[in-house]
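Here's a quick briefing for anyone meeting this structure for the first time. Have a look at the sequence and the model before reading on.

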Amino acid sequence: MTEYPPSAAAFTATPAKTPATKWQITAWALWDWGGAAFNAVMTTFIFTALYLTGDDFGGADKATVTLAFAMSISGLAIALLAPVAGQRTDHSGRRRLWLGINTLIVVVLTAACFFVQPQESFLLFGCMLIAAGHVFFELAGVNYNAMLLQISTKKSIGRISGIGWAAGYLGGIVALLIVYFALIKPEVGIFGITSADGMTYRAVAVFSALWILVFSIPIMFAIPETKRDPNMPKVGFIQSYMELVHTIVRLWHTERHTLYFLISSAIFRDGLAAIFTFGAVLAVGSFGFATGDVLIFAIAGNVVAAVGALSAGFFDDKFGPKAVIVTSLIGLLISGGALLFLDGKNAFWVFGLILCLFVGPAQSSARTFMGRLAPEGQEGEIFGLYATTGRAVSFLAPQLFGLAIVIFGAQRWGIIGILVVLLLGLLLLLPVKAPPHGAGAH
């Protein structure tokens, strides 16, 4: 077993790549900007927090548990599909094409949330649309993350990854401001839309779909399609899983710390995802936030998260991704633990913003950790494994979140489930050897 992946060492021996243009980096980051409409508006702060988990759908506790279990199902689907999807785009040279197809499906599913009427009988339908959207968003993300290797080097990957995450957070701010002032705040919103029959939030779904679509267009023109490797034979769908098994066996024998990182990141990234999924739900259901409070916090939280992601890029390239991730997870455990025992809006404002500060760096550096290890020509497969392991246990945080609510009888105790997942991920990460970074890498 080698001490660290041959791919990481081999990278330093390859000629330096031609630097990406500013337009290519901008177009790549704009996909994250557009995706904020699904992550921030639909999943975290508006559609699920203020609408789908509200009284019209059976109350916060019941709706939250239903959403948690729907997200668990989506995680299992991602675990089965993501690695094969990435592997097949590596073989076919159609990374950009499949990024576009999966993004378009997310657009359609998001727009379909318009048909979720404010009745308890529509709860499952709404939760499944959000869950299915997560499946295809993650499949698109496999190819999007692999594109990071096309526009960065080992010395710049942390900075560029941080730019992408920051763009997502800033895009969330702009989208939330538009939604708030055009639809949520006024009694009669744009185009005469009112809150009757849940139309305010159903219109948010249409806006979000258009937002995703518009800002996904630049990447389709700025970044060239990958070339098919003639040495890679075409394989069938079932055979792709056999290839996947061979890859995992190879990692175990030659690049074991890559496999260790995949396992540890699977767990702590599940905790990070749960923070976004249930954070605003907790703010409303357990800390007394009203609609306006949630939106103001969302904007402030995204600003703080963007600052965290940008700073992570600097520290990542200087000190390496592992140091950034460990520091971030410790910060998340402390601030999340404080919320478990404190009450009121002020407590959520203080420690919720601290959570936002540390989430972005953990996410960005987890991606660059994987990117520093990905062999050329296998980026899609490696990031497919990254998505799969990230979702292979994605049932864990939602299940523990929902289970804690059932056991202790109140929504806020779901925080315990998230903290357990973050702690386990941190403990598994500590023995993992950090990949090469900074000096000596192109």
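What follows is a short tour, starting with the overall picture and then moving to single spots.

This is a predicted model, in which local features need pLDDT of at least 70 and side-chain atom pairs count only at pLDDT 80 or more, while totals for chains, interfaces and linings use all residues. Residues are numbered from 1 along each chain as its sequence is written, and side-chain values use heavy atoms, with hydrogens and water left out.

**The big picture**

- The protein chain has 16 helices and zero strands; helices (H or I, at least four residues) and strands (E, at least two) are DSSP runs, numbered from the N terminus.
- Of the 442 residues in the protein chain, 58% are buried; buried means under 20% relative accessible area, exposed means over 50%, and partly exposed is in between, with a 1.4 Å probe and protein chains only.
- Take the contacts (heavy atoms within 4.5 Å) between residues at least 6 apart in sequence: 86% of them join residues at least 24 apart.

- Thr-43 sits in helix α2, which covers residues 22-45.
- Is Thr-43 buried or exposed? Thr-43 is buried, because its relative accessible area is 3%.
- The side chains of Thr-43 and His-134 are joined by a polar contact of 3.4 Å; that term means a pair of N or O atoms within 3.5 Å, where within protein one must be able to donate a hydrogen and the other to accept it, and residues adjacent in sequence count only if both atoms are side-chain atoms.
- Not counting residues up to four places away in sequence, Thr-43 touches Phe-38, Thr-48, Ile-130, His-134, Phe-276 and Thr-277.
- Thr-48 belongs to helix α3 (residues 47-52) and is buried too, at 1% relative accessibility.
- Leaving aside neighbours within four places in sequence, the contacts of Thr-48 are Met-42, Thr-43, Thr-53, Leu-67 and Ile-130.

- Beyond residues up to four places away in sequence, Ala-397 touches Asp-270, Gly-271, Ala-274 and Val-421.
- Ala-397 and Ile-275 are 122 residues apart along the chain, yet their C-alpha atoms are separated by 9.4 Å.
- α15 packs with helix α16 (residues 414-429) at an angle of about 145 degrees, their axes 6 Å apart; axes are lines fitted to C-alpha atoms, for helices over the stretch in contact, and angles run from 0 to 180 degrees between N-to-C directions.
- The crossing of α15 past α16 is right-handed, a label for the near helix being turned clockwise from the far one by less than a right angle, with anticlockwise counting as left-handed.
- On the α15 side, the residues that meet α16 include Leu-396, Leu-400 and Phe-401, and their partners in α16 include Gly-414, Ile-418 and Val-420.
- By class, this contact of α15 with α16 has twelve nonpolar, two polar and no charged residues; Ala, Val, Leu, Ile, Met, Phe, Trp, Tyr, Cys and Pro count as nonpolar, Asp, Glu, Lys and Arg as charged, and the others, Gly among them, as polar.

- Leu-430 lies in the segment after α16 and is partly exposed, with a relative accessible area of 43%.
- Neighbours within four places in sequence aside, Leu-430 is in contact with Lys-322 and Val-326.

**Aromatic rings**

- The structure holds 23 aromatic pairs; rings of Phe, Tyr and Trp (its six-membered ring) pair if their centres lie within 6.5 Å, and planes under 30 degrees apart count as stacked, over 60 as edge-to-face and the rest as tilted.
- Phe-114 and Phe-115 form an edge-to-face pair, because their ring planes are at 85 degrees, with the centres 5.4 Å apart.
- Ring pairs also link Trp-28, Trp-31, Phe-38, Phe-137 and Tyr-144 into a cluster.

**The loop between α7 and α8**

- Phe-191 lies in the loop between α7 (157-184) and α8 (199-222), and its phi is near 65 degrees, a positive value in a residue other than glycine.
- Phe-191 is exposed, with a relative accessible area of 77%.
- Asp-197 is found in the loop between α7 and α8, and has a positive phi of about 60 degrees although it is not a glycine.
- Asp-197 is partly exposed, with a relative accessible area of 42%.
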